[in-house]
Amino acid sequence: MLVSDFHYDLPGELIAQHPPAVRGASRMMTLSRTTGDFADSQFADLPQLLQPGDLLILNDSRVLPARLYATRSGLRTQHNSPAPTGQVEILLTQRVANSEAHNDWTALVKPAKKVQPGETLHFHATNQGAPCPDSGTWEEELPLLTATVTAAGEHRDRYQTVFSRERGSAAAPTAGLHFTPEILAALRQRGVEVQTLTLHVGLGTFQPVRAERTEDIRLHAEPYTLPAATAAAIVAAQSESRRIIAVGTTTTRTLEHIARLPGPIAAHSGSTSLFLSPGLNDEFKLVRGLLTNFHLPSSTLLMLVSAFAGREAVLRAYTHAVAAHYRFFSYGDCMLIL
């Protein structure tokens, strides 16, 4: 298939720049794998939409503190001085799509409250390996890059899931960002079994697709760990014909990679570069339900979702999502496919 077969028109204003004011308050579309029917719902309805006995599997990877360091203009020096001070720690989270071709990013910033819209940040080559001492300046060095803060958003912890555990990801497994302790408790009270695995999301997740045909796409390998408790839960769910629901494309790829390994499912660590797309590894051996965010046009994540639920059905649902002003991408709304 062609990568262009997965294109749809996405207005830039529908790409969520900030998480919802309250974690877990996102909208959620439901999509049937068998009929292609979809409906509007809320993420808070998830416990009622799953069945007692379902096995819900989360990716508990935690975002690495991968950092850039910048300095702020006009703090201890004159405004627009070539040697500004006042260190800022920055983690880029996603490129912002826009029609003006600006190099815009959303980022996690520390200290977040002190950095205000309109400020200029300076990135120096000698400031990227380690924090600068408080007395440090770069009087003789021009910055490699400058950036302007255009808007202020939420705090750093909103880019971690509430169940994150082991650091290792360059980006958050974003479908998990919707969950709250209260939703997890409601799921367990409903009789849904909740387990975790770990897949560390790599920097390759930021790279655009450069191939023209899907069969030419190659994904970077990412490390994962399947704990003993989760392996045992998967084996039990299979033997009892209970549904396995994956939270996120990262969990889905890991489970389907594990399903393709020889021998019985057991605790282990490994890596996966499995690419799931219509016509390519599109037989799902473990996953029977998927909770995922709305993905960008022509992305490998949209291809995975299309392999799971059918390209035509998914694109019809996305057309409705655009018309209904759902929020897209990492901080956006979600879709439950059963």
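**Sheet, helices and aromatic pairs in a predicted model**

Q: In what order do the nine strands of the open sheet lie, and which are the edge strands?
A: In this predicted model, an open sheet of nine strands with mixed pairing has the order β2-β1-β16-β15-β13-β3-β11-β12-β14. Neighbouring strands of this sheet are turned against each other by 25 degrees on average, direction ignored. Two of the strands pair on one side only, and these edge strands are β2 (38–42) and β14 (268–272).

Q: Which residue of β15 is the bridge partner of A246?
A: Strand β13 (residues 244–247) runs parallel to strand β15 (residues 289–293), and three bridges join the two. Within β15, the partner that A246 meets in its bridge is L290.

Q: At about what angle does helix α6 run to β1?
A: Helix α5 (residues 300–309) lies across β1 (27–31), β15 and β16 (334–337), and its direction makes about 150 degrees with β15. Helix α6 (residues 311–323) lies across β1, β2, β15 and β16, and its angle to β1 is about 150 degrees.

Q: Why do the buried residues of α2 lie on the same side of the helix, and how wide is the arc that they cover?
A: In helix α2 (residues 181–190) the buried residues are I183, L184 and L187, and what covers them includes α1 (46–49), β3 (55–59) and β11 (193–199). The face turned away from this buried side carries the exposed residues P181, E182 and Q189.

Q: Is the pair of F284 and F308 stacked or edge-to-face?
A: F284 lies in the loop between β14 and β15 and F308 in helix α5, so their pair ties together parts that are 24 residues apart in sequence. F284 is buried at a relative accessible area of 15%, and F308 is buried at 4%. The ring centres are 5.0 Å apart and the planes stand at 75 degrees, which is over the cut-off of 60, so the pair is edge-to-face.

Q: Which residues form one aromatic cluster with F294 and Y318?
A: F294, in the loop between β15 and α5, and Y318, in helix α6, tie together parts that are 24 residues apart in sequence. F294 counts as buried at 0% relative accessibility, and Y318 is likewise buried at 0%. Together with F294 and Y318, the cluster is formed by Y8, Y326 and F328.

Q: Over which ring does the charged end of R33 sit?
A: The charged end of R27 sits over the ring of Y326, 3.9 Å from its centre. For R33, the charged end is 3.7 Å from the centre of the ring it sits over, that of F308.

Key
Residues are numbered from 1 along each chain as its sequence is written. This is a predicted model: local features need pLDDT of at least 70, side-chain atom pairs count only at pLDDT 80 or more; totals for chains, interfaces and linings use all residues. Side-chain values use heavy atoms; hydrogens and water are left out. Two strands pair if DSSP finds at least two bridges between them. Helices (H or I, at least four residues) and strands (E, at least two) are DSSP runs, numbered from the N terminus. Axes are lines fitted to C-alpha atoms, for helices over the stretch in contact, and angles run from 0 to 180 degrees between N-to-C directions. Contact means heavy atoms within 4.5 Å. Buried means under 20% relative accessible area, exposed over 50%, partly exposed in between (1.4 Å probe, protein chains only). Rings of Phe, Tyr and Trp (its six-membered ring) pair if their centres lie within 6.5 Å; planes under 30 degrees apart count as stacked, over 60 as edge-to-face and the rest as tilted. A charge sits over a ring if NZ of Lys or CZ of Arg is within 6 Å of the ring centre and within 35 degrees of the ring normal.
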